[in-house]
Structures are given as C-alpha cells and as structure tokens.
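Q: Hi! I'm new to this one, could you walk me through it?
A: Happy to, let's look at it together.
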Amino acid sequence: MNIDWKTDEYGKKFSFVGEYGKGLVSLLSAGKGARVLDLGCGRGELTAYLRSLGYDAEGMDASESQLDEAKRLFPKIRFFREDITGFSTENPYDAVFSNAVLHWIDSEKQKTALVNVCKALKRGGEFVAEMGGKGNAEIIHSALKDEIMRRGGEYRHAFFFPDEKEYGDLLKECGFEVKYIVRFDRPTPLCGQDGIADWIEMFAAYELSALNEKDRRDCALAAQERCANKLLSPSGWTADYVRLRFKAVKPR
C-alpha cells in the first residue's frame with residue numbers, strides 16, 4: 001500500500017519513528033563495513049545512523065517525496081526508489097534492516113516481499129526488522145472506524161498487524177531461520193494538542209479516503225475525542241502502539 005506522504009509534517013511531528021528504530025540496530029550482528037539495505041528508509045535518518053556506526057548502508061523506499069528529502073538531507077548516501085514486492089539485486093547484502101515498514105505491505109503481498117528480501121541476502125545474511133503487531137493502535141482504529149461508518153463511509157483497514165506466531169511461520173515459509181521474534185506494547189507519546197487527529201491524517205489517510213476530503217479532518221477530530229478517556233493524560237496524547245520485532249537469517 002503506497003500513500004502520499006506529507007514529508008514536512010512527518011519530519012516535524014513524527015520523528016519518533018526513526019528515533020525508536022535506533023534501538024533495533026542492536027540486533028544486527030554483521031560487523032562494521034557490512035553492506036546493509038535500509039528497507040523503507042523514508043527520510044533516511046536511520047540509513048545515516050547505520051553509516052555512522054560503520055555500516056555500508058544504502059536506502060530504498062517506494063515514496064518519491066520521502067526519497068527526495070532523504071537525498072537532500074544526506075547527499076552522500078545512495079538512496080533509490082523501489083518497491084520490495086518487485087525488487088531484486090545481483091549484488092546481495094550482508095543484512096536487510098527495516099523499521100515501521102512491513103505493516104504497510106498488503107497481506108497478500110507479504111510472502112512475495114519476504115521471498116524477495118531472502119533472495120537479496122547473502123547466505124548467512126540477516127534480516128532485522130520491526131513492524132506493527134497484532135493490536136497495534138487498536139483503540140485509535142476502532143474509534144476511526146466508528147466515525148467513518150457514522151458518516152456513511154466504508155471502513156477499510158489496510159494494515160497488516162500479525163502476531164509473532166503468524167509472522168514467524170511466514171518467515172520460515174519464505175526461507176528464513178527465525179532467531180528472535182517478540183511482540184510488545186510500546187505506548188508512544190504524540191506531539192500537539194491534536195496528536196491523535198494528526199496521527200490519523202498522516203498514517204490512516206487510506207482509511208479516511210472513504211470520506212469526502214472536506215469531512216476528513218472533522219472525522220479525525222471526532223475519533224480523537226472518542227480516544228480521550230484512554231489515550232489522553234495531563235502530559236498529552238499517547239498512541240497505543242504494539243510492535244513486532246524480529247531477527248531472521250538466511251541459511252548458509
């Protein structure tokens with residue numbers, strides 16, 4: 001599922017995506033100088049972070065606007081546009097790294113994506129990733145569903161949020177050995193007085209597209225109000241994130 005990213009707003013209000021991804025790097029065991037693909041690199045912050053740690057990292061993304069920003073921010077790093085469901089390479093990587101990307105891939109294309117990742121790795125190469133897991137943003141999406149349907153729209157939930165068994169089995173089916181996989185709650189603070197509504201407009205634009213454009217902000221604000229008793233505290237709004245993190249290896 002590809003969306004039109006509001007790149008400037010993403011950088012200002014949702015920079016936490018890349019910051020949380022830094023913790024994922026600790027799962028990489030490939031040594032310095034290893035060739036790493038940052039799959040779904042977005043604005044390139046994590047690609048640059050990987051390079052600062054000594055990895056020979058390059059970034060791939062399907063979004064032209066995100067890649068334009070990555071190239072502007074980090075002109076010395078190689079970034080290229082490609083969709084993992086159609087990707088192949090003759091120069092395989094030591095590792096593929098991916099943060100907050102895999103849940104954007106349609107469920108029926110997950111197997112194709114994982115097979116392509118496996119093919120893009122050297123034997124013994126590692127795939128380290130984090131994505132939304134089962135239950136991710138469930139409170140927000142439930143409120144949004146209610147508001148879209150109340151307005152006569154059809155709610156279409158496009159994300160793929162698996163549990164650890166489902167995704168572990170899929171990784172094995174696609175040729176990987178699963179070394180580590182865990183699903184965990186990660187409540188995530190949001191910026192601004194309308195943090196939930198802003199989150200909905202950024203990350204649930206596909207769901208909102210069931211409504212006329214003029215109704216979308218009102219719907220997002222109404223959904224936010226439904227979340228107030230569970231997701232609003234004196235310190236602000238918090239998204240009810242659930243993450244799935246894993247490390248898998250291509251057999252030698």
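This is a predicted model: local features need pLDDT of at least 70, side-chain atom pairs count only at pLDDT 80 or more; totals for chains, interfaces and linings use all residues.
A: One term before we start: two strands pair if DSSP finds at least two bridges between them. Helices (H or I, at least four residues) and strands (E, at least two) are themselves DSSP runs, numbered from the N terminus.

Q: Okay, strands then. In what sense do β1 and β4 pair?
A: Strand β1 (residues 35-39) pairs with β4 in the parallel sense, over 3 bridges. V36 stands opposite A95 in β4.

Q: And how many bridges join β4 and β5?
A: There are 6 between β4 and strand β5 (residues 121-132), again in the parallel sense. Y93, for example, has L121 in β5 as its bridge partner.

Q: How many residues of β4 are buried?
A: In strand β4 (residues 93-99), 6 of the 7 residues are buried, and the strand is mostly covered. Buried means under 20% relative accessible area, exposed over 50%, and partly exposed in between (1.4 Å probe, protein chains only).

Q: Switching to helices: why is α8 largely enclosed?
A: All 9 of the 9 residues of helix α8 (residues 195-203) are buried, so the rest of the structure largely encloses it. Among them are W199, D198 and E201.

Q: At what angle do α6 and α8 cross?
A: Roughly 80 degrees, with the axes coming within 11 Å. That makes α6 roughly perpendicular to α8 (angles under 35 degrees count as roughly parallel, over 145 as roughly antiparallel, 65 to 115 as roughly perpendicular and the rest as oblique). Axes are lines fitted to C-alpha atoms, for helices over the stretch in contact, and angles run from 0 to 180 degrees between N-to-C directions.

Q: Which residues make that contact?
A: I140, H141 and L144 of α6 meet I196, W199 and I200 of α8, where contact means heavy atoms within 4.5 Å.

Q: What about α6 and α10, how do they cross?
A: The axes of helix α6 (residues 138-150) and helix α10 (residues 213-231) come within 8 Å and cross at roughly 140 degrees. That makes α6 oblique to α10.

Q: Which residues of α6 and α10 meet?
A: From α6 they include I139, A143 and R150, and from α10 they include C219, A222 and L231.

Technical notes. Residues are numbered from 1 along each chain as its sequence is written. Side-chain values use heavy atoms; hydrogens and water are left out.
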